[in-house]
Amino acid sequence: MLASFLQFVFSGITVGSIYALCGLGFSIIFNASHVINFAQGEFIMIGGMATVSLVALGVPLPVAILLAILATMLVGFALEKFAVEPARKASVTTLIIITIGASIFLRGIAQELWDKNFHKLPPFSGDQPFLIAGASLMPQSLWVIGVTVVVIVGLGWFFNRTLEGKAMLATSFNTLAAQLVGVNTKKVLLMSFGLSAMLGAIGGIVITPITFTNYETGIMLGLKGFSAAVLGGLGNGMGAVVGGLIVGIAEAMAAGYFSSAYKDAVAFIIILFVLFFMPSGLFGKSGTERV
Amino acid sequence: MTLLVVDNLSKEFGGVHAVEGLSFAINPGTIHSIIGPNGAGKTTLFNLITGIYKPTVGRILFQDQDVTAKPPYELAMRGMSRTFQNLQVFFNMSALENVMVGRHLHLNRGILTSLLRLPAIAKGDAACRDKAAELMRFVGLERFLDAQADSMPYGALKRLEIARALAAEPALLLLDEPAAGLNATESHEVDEVISKVAKQGVTVVLVEHNMKMVMGISDHILVLDYGKKLAEGTPEQVRNNPDVIAAYLGGGAA
Amino acid sequence: MFRNERMIGLAVLAVIIAILPQFLPNNYYYDVAIQAGFNAIVCVGLNLLIGYAGQISLGHAGFFGLGAYASAILCTRYGWPPILALLAGALVVGVLAFVLARPILKLKGHYLAMATLGIGIIISIVLNTEAQITGGPDGISAGPFSIGGYTIKTEQTWYWVVGGTLLVAIWLANNLVDSPVGRALRAVNGSEVGAEVVGVDTARYKVLVFVVSAVFASVAGSLFAHYLPQITPAKADFFKSIEFVTMVVFGGMASTFGSLVGAVFLSALPQVLTVFEDYEAMILGAIMMGTMIFMPRGLVPTLGSLLVRRRG
Ligand SMILES: Nc1ncnc2c1ncn2[C@@H]1O[C@H](COP(=O)(O)OP(=O)(O)OP(=O)(O)O)[C@@H](O)[C@H]1O
Ligand SMILES: [Mg+2]
């Protein structure tokens with residue numbers, strides 16, 4: 001009883017961490033630009049796939065990881081520069097189509113560059129599970145959770161302690177005011193895509209030894225990351241993390257106790273339920289709109 | 001008989017008391033002005049009366065019925081209409097269509113009749129078009145009969161909102177700074193429109209910073225300061241009220 | 001004035017539909033035209049929601065799919081006459097859309113996008129999973145469409161059926177747009193508070209247009225199920241929803257003929273792209289990005305204003 005429950009919690013937190021990273025990516029870009037980047041999932045895919053092929057070429061894992069992150073960030077910058085920036089003034093719907101177009105485009109490239117098969121990475125430190133109250137915890141899960149915690153702490157430091165981070169925060173609160181005090185909001189926008197791409201790539205790399213990856217893995221991960229971000233309240237970083245964990249754990253419980261076929265529906269059922277009662281998510285701002 | 005009663009009304013925004021413990025009444029057939037410095041709570045009061053905001057405390061009676069926290073469209077059905085300080089024009093439509101939307105409550109709104117375009121719709125629309133054009137002329141917008149709303153200058157849009165509000169044939173018309181941003185001629189035209197509307201028996205509530213206009217056309221004036229009532233009375237009484245003089249001159253707001 | 005322009009447009013379209021078969025050399029081309037017609041019916045309805053009322057939906061393929069499956073299931077498993085199944089499907093979808101619409105359409109912008117996306121995905125997962133009823137990923141056949149003893153058998157007949165349905169759909173949509181209800185919908189898009197204070201119950205109108213657009217999708221889905229040998233969950237999934245929205249926006253929001261052009265163009269495009277085989281996805285993505293960046297208002301309005309500028 002307890003053992004299987006714990007087992008579901010472990011796997012829930014593990015995938016929940018990836019949703020959290022992805023949700024954070026959505027939030028960072030949303031804060032900088034009010035754009036929802038539907039290509040966020042593709043960053044996850046590119047991070048994983050790039051690492052796989054670099055390792056296959058004989059590059060040592062740590063170097064491969066670094067290079068893959070850099071490559072994904074370049075994709076992020078390019079996406080901002082060539083697809084989002086020129087359409088900044090467009091409507092929400094138009095921007096949604098642009099980023100979905102970008103994700104289809106990137107998947108198309110991935111399918112050509114690599115293939116349609118599933119690929120995997122070896123676990124970073126073996127596959128000897130730890131046994132905790134009858135449940136087994138894979139070392140790679142600890143990697144996922146640990147890396148996620150480090151990334152979140154790092155982001156907290158970046159936004160609160162560095163000038164660049166503060167400039168990004170300022171832009172999200174009030175773009176015009178930030179411009180007036182000399183923040184280069186164009187650069188902020190570019191940075192937000194780079195940062196989100198980095199988060200996506202990191203998530204994609206640490207999860208690949210567990211879930212494998214192929215050119216299409218980004219679709220569902222991205223959509224669930226989006227639900228995580230909306231669940232927590234768009235633009236709220238901590239909200240995205242909590243949202244990601246909720247979605248991850250609920251999904252693992254549903255798969256374990258109910259039906260694994262409906263696993264993928266869980267995130268969307270939760271989000272609908274929450275939005276029915278809290279139209280701005282769990283921690284979203286809900287002030288009175290000025291008229 | 002009173003048309004509108006505001007009773008102990010308050011609205012708070014996260015610590016800011018935009019309107020606080022406000023009570024007053026409006027008699028039908030009058031022009032009732034509400035003045036006060038920036039941030040005094042005039043627009044918030046309009047939003048409360050027309051149901052756009054829900055009050056934190058207090059009641060609003062319209063035509064002797066409690067209408068507190070009723071949605072705006074329902075208040076419109078009961079005979080309220082308004083314009084906005086920050087334009088709420090339908091920029092995706094033509095000027096004439098903007099005013100036609102104002103006739104909404106007076107038209108056949110059946111979904112099946114509309115989908116099949118039964119004769120009732122065509123007939124109603126033709127009459128509605130004429131009426132809307134007439135109203136545009138009434139507020140001095142004859143030049144813009146064929147214009148798209150997004151191609152019109154600010155001053156014209158302000159009057160377009162008045163025409164739209166009048167199209168609903170309200171008993172109570174609330175105008176939030178109708179002359180703001182208008183030049184002297186335009187502002188005088190608006191002044192005349194308001195007087196004409198009042199003569200037709202529509203009760204007007206006016207928020208305006210243009211003191212000459214307010215003193216000239218109002219029957220009654222309410223002065224707000226920090227969300228509270230500072231003074232109330234005829235233009236004469238308000239002009240000579242020491243508190244008002246202190247708030248306007250002493251506070252440096254003027 | 002508008003009225004006449006639209007009636008002329010409708011007449012021109014009727015003529016085009018009537019003479020197009022002269023230029024369709026074989027069944028393959030008929031098939032492309034028919035599929036474009038089905039997509040166009042959905043898009044004309046969806047445009048009422050997105051283009052006119054300004055509310056996004058990333059889940060309309062769900063309603064299209066529900067209509068299709070309602071027809072397939074009722075006809076094959078329960079032996080219903082196709083027309084009754086179509087009506088029952090439309091009724092079920094209409095009621096479902098009505099129930100969902102109230103809470104959903106309170107949401108704005110990206111929250112609305114998320115909620116509609118969620119509904120679409122849940123529907124497609126259910127269609128995939130409840131294999132005993134839906135046939136699962138392999139899908140289910142609805143059988144031929146027959147009415148009063150007459151059965152639609154050939155591609156040619158389908159062409160006329162779809163063309164006629166499309167004309168009716170456009171006629172209905174244009175009627176709605178050019179009515180007090182339609183003006184109220186556009187007013188909701190322009191300014192919700194502005195509409196409310198002159199008596200428009202904005203919540204009610206948003207629900208109404210959501211239901212109408214869902215029913216359009218459902219009817220198209222029902223016919224589509226009979227046209228295809230087999231209806232599969234892929235016809236109801238997230239990408240199909242995106243395809244519909246892209247067609248609407250590509251053609252030009254708040255333009256019924258824009259939706260039509262968008263649907264026809266993007267339905268034909270993949271047929272052209274198959275030449276490029278492996279690069280199909282890349283090119284499709286690039287076209288989606290490119291057109292939205294360079295023509296954010298869509299094809300028909302952009303061309304329209306170009307023409308006006310030339311003339312002026
Ligand atoms: N939606 C809102 N959310 C938060 N605070 C608000 C909101 N609307 C108004 N306020 C605050 O309430 C106070 C009163 O504002 P209001 O707009 O009613 O003043 P006003 O008298 O109309 O001013 P003005 O003459 O500048 O139009 C102000 O402090 C304003 O910042
Ligand atoms: Mg004001």
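Q: What makes P180(C), V181(C), G182(C), R183(C), A184(C), L185(C), R186(C), A187(C) and V188(C) in α8(C) count as buried?
A: Buried means under 20% relative accessible area, exposed over 50%, and partly exposed in between (1.4 Å probe, protein chains only). These residues of α8(C) fall in the buried class. Nine of the eleven residues of α8(C) are buried, so the helix is largely enclosed by the rest of the structure. A note on the ground rules: this is a predicted model, where local features need pLDDT of at least 70 and side-chain atom pairs count only at pLDDT 80 or more, while totals for chains, interfaces and linings use all residues. Residues are numbered from 1 along each chain as its sequence is written, chains are lettered from A and ligands numbered from 1 in the order in which they are written, and side-chain values use heavy atoms, with hydrogens and water left out.

Q: Why are α8(C) and α10(C) called roughly perpendicular?
A: Helix α8 (residues 180–190) of chain C packs against helix α10 (residues 202–227) of chain C at about 105 degrees, their axes 10 Å apart. Angles of 65 to 115 degrees count as roughly perpendicular (under 35 is roughly parallel, over 145 roughly antiparallel, the rest oblique), so α8(C) is roughly perpendicular to α10(C).

Q: Which residues of α8(C) and α10(C) meet?
A: On the α8(C) side they are V181(C), A184(C), L185(C) and V188(C), and they meet T202(C), Y205(C), K206(C), L208(C) and V209(C) of α10(C). Contact here means heavy atoms within 4.5 Å.

Q: Are T43(B) and Q85(B) buried or partly exposed?
A: T43(B) has a relative accessible area of 17%, so T43(B) is buried. Q85(B) comes in at 28%, so Q85(B) counts as partly exposed.

Q: Why does E134(B) count as partly exposed?
A: E134(B), in helix α5 (residues 119–138) of chain B, has 47% relative accessibility, so E134(B) counts as partly exposed.

Methods: Axes are lines fitted to C-alpha atoms, for helices over the stretch in contact, and angles run from 0 to 180 degrees between N-to-C directions. Helices (H or I, at least four residues) and strands (E, at least two) are DSSP runs, numbered from the N terminus.
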